[in-house]
Amino acid sequence: MHTSGDIMKWVGILASVFVLLAGFIRADEPVDYNKQIKPILAARCFSCHSALRQEGGLRLDAASLLKKGGDSGQAITDGKSAQSLLIEKVTAEDPDERMPPEGEPLTSEQIALLRTWIDQGASAPDDEPIPADPRKHWAFQQLVQPSVPIATAKWVRNDVDRFIASQHKRHGLKAVDEAPRSLLLRRVYLDLIGLPPTRDELRAFLEDTSPKAFERAVDRLLDSPRYGERWARHWMDVWRYSDPSGYGKEIRDSREHIWRWRDWIVESLNADKGYDRMIVEMLAADEASPDDVDDLRATGFLARNWYKFNRNVWLDNIVEHSSKAFLGLTLNCARCHEHKYDPIAQHEYFQMRAFFETHDVRDDSLGSSHLVRAFDNKPTTPTYLFIQGDERNPDKKRALSPLVPEVLGGELKIEPIELPATAYYPALQPKMHEAALRTIDDEIKKAHEAIEQTSKAVEAANRSLANSKSNPTRQRGNDSKKPSLARRVTESKEKPVIADDFSKLDPIRWTIEGGNWTVADGWLIQDHGDTTQYRLISKAEHPRDFRATLSLQITGGEVYRSVGLGFDVEGKTMNAVYLSAGGSKVQITLQDAGGKWAYPQTGAKSIPIKLNQDYVLQVAVRDRLMNVLIDNKLLVAFALPANRKPGKISVWTFSATAKFDSIQVEPLAADVQLAGKATSSAPATKQDLQAAVEVAKAKAKIAELQLAAAQAGRESLTARYKTERVKYGLDTGDAEQLALAASREERVAAVKQFEELVARDRLQLSQASGDPKKTTAANKNLAAHEKQLADAQAKLKADSTAYTKLGPMHPKTSTGRRLALARWITGRQNPLAARVAVNHIWLRHFDQPLVERMFDFGLRSPRPDHTELLDWLAVRFMEEDWSMKKLHKLIVTSGVYRLSSSYKHDGQASEQDDSKHSLAHRACMKIDPDNHFLWRMNVRRAEAEAVRDSMLHLGGSLDVTMSGPPITHNQGQTVLRRSIYFRQDKERQMIFLSLFDGAKVNECYRRKPTVAPQQALAMYNSRIAATQSQKLAAALPGKSNEEFVTALFEHVLCREPTTSELKECVAFLSEHQDASRARQQLTLVLFNHNDFVTVR
Amino acid sequence: MSTNRRTFLSDLGTGFASVALASMLQRDGFAAENDSWSPPDGKPHFAPKAKSVIWLFMAGGVSQTETFDPKPALNKYGGKTIAETPLPNPLESPLIKNRIELVKGDANGKIYDKLYPMQVGYEPRGQSGIEVSDWWPHLSECIDDMAVIRSMWTTASNHDAQLQFHTGRNRFDGFFPTIGSWVHYGLGSLNDSLPQFIVMGNKIGDCCGGKATEGADYLGPQHDGVTMSVDPRNPLPFAIPATASSAEERARSQELLLRLNGLAAEQYPDDPSLTARIKSYELAFRMQTAVPEVVDLKGETSATHQLYGTDGGATQSFGRLCLTARRLVERGVRFVQIYHGGGGAGAWDAHSNVKGNHSGNCAKVDKPIAGLLKDLKQRGLLDETLVVWGSEFGRTPGLQGSNGRGHHNFGFSVWMAGGGIKGGIVHGATDEIGFHAVENRHYVTDIHATVMHQLGLDPRQLEVPGRKRLEVDYGKPISEILA
């Protein structure tokens, strides 16, 4: 059959025609229609004059039709080019007359060729086929389930196989044998859950000799939550999942909180939600289940395309990728003109756009986070066709209504949807309310913490004051009976205010200021070594007199390689000491509010500081006297400037990468004696200490007010929620009474809030310490808040039923357009949705689709050889309620899925078998080298995520926590969760994953695996590879080296070693002096074995 | 992976890249439709003038008027608005049409119309007498080897112009292959132990393109720039084992690995990806030795260290990058991309205190860059190494705040040296105040085209089927500056 798909072939030949044209066209040399004429017509004429669109009743896609002509008569007169309409049209002077109407005119060589051909009698092969009507294209025909062929090959297990086997028979192919069971098990594990079986799982499977063993394994895998994660990643490729790119508020290409959509995908797959229902929810959950917070997450599909700068880009992406993903249609090709290959008109593109024209996305509050979701916000926006696709040139004469392409038989009914109050006023929903309460509860918790911390600070300040009264000369004293600091490093009676062993980086304790802080192997790591100061700052303040102990290693950096401990931290201001590996010294530095650093000469001491060596840095401060010790040795005694202010502790790096083991900060014991003298003559002590007590008390008071305000806020919210629920008919109650209470609670909360603010202003004023700028600012705030407080108090006097709404209100109706579209897509009459979905699933089981062009089932995809199988599967898929799990099971329990990928069967074949198989194999290789008919399984590289996750899984370290906001992309080596949970956008991807060809976020209908040396380095040297091989080597049994090697092969490669492999590995182990190290090295080698990243 | 039936990996030299790409295109149905298409074979399309490129990028926007494009009119009319001078209003020039693409509400979009005098003096330098500002005392000595292009323009007015400088496309158009990745894609390797497209220095911030400024986009990740640090302890991602081990121990386990994979290859002779993987490991292991060696500067003479300023002071950090760049091109690396001051908006983004900012930044890079040019020259490498210096855009002739200059994309300077570029010439010009490029105007892709041309590459022959390029993407080589 000669379809329009062949047009491309003609275009392909065009290049060679141009080469020919470089020479002369000689009237006496016969012109070849197929080689010289048809390519010109295909390139310049077919788009309007072919089966697709028969402008003027004329078709030029076969010589017989060309001769027949169109409405204006014959196109050519044989032998007489001068009288031929075709030549007249292509040579017309008037551009309005000339053909083709778009683009450059034909070249003089092309015209000469046409003339010569006509003059020579316009000969063409008699058997030239006439292309069929594109509307009859196979993929546009309604799905009818074909009958299952009869096939008898011995490997046939189910109906899928009967289709494949009949193809084998037709093409003279002979399938290879089934894969060995161990290999099959690994294949199906990686396929269904993206993780290989462990050795125990392998053994259990091999011991289970029941014929149902494999099916049982499949059932277990499909029931595993890991299945949803694995296949979610596949669908995230197809549906273009992306976290937002850009920075700060300049978010692009997606939205924050889009991860909820990822969680919805995982959960839906695990629950085996029907594919049809999934499409309905992704396109229109706001219309199908308008107040179901869980379902609404699905509309992240629409939010992903959100584009801040241009609504057209946003809608273009939705139209293009909804069409490609759900329908396998390149509708986007019809944006600027009629589709060049498929029977889709330009206006049909815009009619598809009209379904989405009215929608927008919004963030519904979920307390501290949001639900990003779609809704119809612009119900009256018209859709216009853009002339030649130019958005500056809309055709306003005619507004287009939503409609699906005619070729797909698109009738559909659109009905507006009245939304429930809980949808257009989402704060009425219990889930939203609970989330809001959780946020307030967090504030209450913080307030309680603040109360605890501030009361400690008051105690500490009082103690300092008391000490100064009882022993006013201590700080200058040199009393040798007092224990020196160095001798008292390990003993301390004081309760620490900060004690952290950095087994995690606790955001409740620390604020992170830049850099890349991660936790691994008990170390806190900062691995950005550029010349910027990166700090961790404690949430808690330290006592005025304190001792801090930090154990650390400097691991690298660019020049200075400095790591420090700061105190009195407030904004940029801090006093600090640091170790510099670049400068080989310990140095005290004083940083001012502008971030400028001073380096007092008396605060430095030269000592060699080595990389990767443990150091214990200790700082003790009493009033203005500061001692610095390293590894218990006093190095610097220094007098701080007189104006010390209370502040926090910081741990920081500057052009250094470093690891931190622990930190402890406690009040300095009264009896510890510091070395050195505070040099200033100003005895800052008593007044300063008194002032410090007052400040501490003020802060304690603020903490209490903060708690009261948060609690009142909670009461207010709860009362208003109750009232609104009654008002909107969701609950019953006395609306009037409730409103009175709600109003009152809200006004009380306002008073509490301003009380807190006034207290804060007062403290700020007292701390302005004569700075006129700060004093003026503080006074201004104070005056404003005092007035607001007075107003709020005044409002308490009267009764009222007025109160603030719980949150924003949105339109009460939705157009129903997207729901209608989604129902049409998933309707039984749609020829494409099920075919496209089945093709995606098939691709990921066989690494080869049934229809090659995943996103284009149009005329450029000629009828595939496996159409019957595709259609049979598609109908069955729909009949089984679009259950993906049932489809997976059908496929992976088929015989064809179980075929070996090699004729060699894991090296077990005898010489004789080998040559016999080899012969059959060679014959198949000759007939079907690309394995188009699946006479064996395809070998493939595991996807990036599977490579990383498998290593963690086999090492016993995979953290299977599910869901949640994306993990920072550069923590892939230290956070041991599945790869799907890491941030991935155009600008930020985990380097390990991108080295292994992870998904491209803009378009990824199919992955493209490569082999590159950077992958080798990642597998050989990464921290994950090192830690997991260490862990695994220690965990595997191994009284003898043979036993260990066998166990290792079984665990990592899911098979026994061959004799030669065993020999090599045992020799390797016995050559090594350090047995446990040798085993770890061998484990690392096996993770790097080709078979580890390969699925056979 | 599907078997590529035509050829498989004839040689390591052209890399797996092209093979992988060929098979991937074939699977996408492109190759089937375009039988005449094949991936680049690694050979130049015509005789090249240069072998390697060192691409020096100053992030943040370097003021043209304080570096390579003196404007006495600014001193004359300093403090006046343009309306108060006899000069034409540059905002009314036809050149401004369609050239402003501003992010709404972006403070950087304002045009500052009170003229601000040059903050530094100029002197004619070298034989050629080209004027260079006083903040480039060392580089001035090389002016006779440099071609200064004073007539650049671009469209982005914010720092996503950093991405645009590397891909030729505005950020709003999306992401595209960068110049380095095109070179990597087009040309074969000169060294089988080193990556061929290396990126060093303070990286471009996520705001401004991030990784995409060194990415290959649709050419495939194997053509992405490979980030290298000059820290000998960890110069490449994953180049250094996470746990220490002796060279001997590594050699033993690597040998075992190659043997085990060799055994697998016997078992699966029909698996081409296995062969490719074995070779990729061999290259990786060579890289693992070669890369730390190349960043180890201990063997360089003290004269060399003095030349680059790696012996201490403000020049040390950038000097190490420049010296390493020379060592890389010496060993046959094709494209070395070095950023100065990347991260956030970029170090040169002098909205205030342009004098302090630029004099400070120049002091950091002047000597290292001059050292690089001189060193390449004395080693006979300058002829075959093309050095390009640039920034995403220039800075306004007008004053921002009390002593700064804003972003300016209508006219700015770039220079090139070596690799068959004519030395000691100035090409193109801006108007009297340095606002618009008016003579021999060049969009950023003309720089790309010039680089490709000197390497013997025709960008049109590197087309990838299915990836439409615009005319402007190709650029035109700046023939006037070619020797």
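Student: What share of the contacts in chain A with a separation of 6 or more comes from residues 24 or more positions apart?
Tutor: Such residues account for 71% of those contacts in chain A, where contact means heavy atoms within 4.5 Å. The model is predicted: local features need pLDDT of at least 70, side-chain atom pairs count only at pLDDT 80 or more, and totals for chains, interfaces and linings use all residues. Residues are numbered from 1 along each chain as its sequence is written, chains are lettered from A and ligands numbered from 1 in the order in which they are written, and side-chain values use heavy atoms, with hydrogens and water left out.

Student: Why is Ser743(A) called buried?
Tutor: Its relative accessible area is 0%, and buried means under 20% (exposed is over 50%, partly exposed in between, with a 1.4 Å probe and protein chains only); Ser743(A) is therefore buried. By that criterion, 57% of the 1096 residues of chain A count as buried.

Student: What surrounds Ser743(A), leaving aside its neighbours within four places in sequence?
Tutor: Ser743(A) is in contact with Ser800(A), Thr801(A), Ala802(A) and Tyr803(A). The backbone oxygen of Ser800(A) lies 3.3 Å from a polar atom of the Ser743(A) side chain. Ser743(A) itself belongs to helix H20 of chain A, residues 735-767; helices are DSSP runs of H or I with at least four residues, numbered from the N terminus.

Student: What makes H32(A) roughly antiparallel to H6(B)?
Tutor: Helix H32 (residues 1059-1071) of chain A packs against helix H6 (residues 247-267) of chain B at about 175 degrees, the axes being 10 Å apart. Angles over 145 degrees count as roughly antiparallel (under 35 as roughly parallel, 65 to 115 as roughly perpendicular, the rest as oblique), so H32(A) and H6(B) are roughly antiparallel. The contact of H32(A) with H6(B) has 5 nonpolar, 2 polar and 5 charged residues.

Student: Which residues have the most contacts inside the largest nonpolar core?
Tutor: They are Trp239(A), Phe326(A) and Trp415(B), in a core of 255 residues.

Definitions and conventions
Axes fitted to C-alpha atoms, helices over the stretch in contact; angles between N-to-C directions. Helix = DSSP H or I, 4+ residues; strand = E, 2+ residues; numbered from the N terminus. Nonpolar A, V, L, I, M, F, W, Y, C, P; charged D, E, K, R; others polar. Core = buried A, V, L, I, M, F, W, Y, C linked by side-chain atoms within 4.5 Å. Polar contact = N/O pair within 3.5 Å; in protein donor to acceptor, adjacent residues only side chain to side chain.
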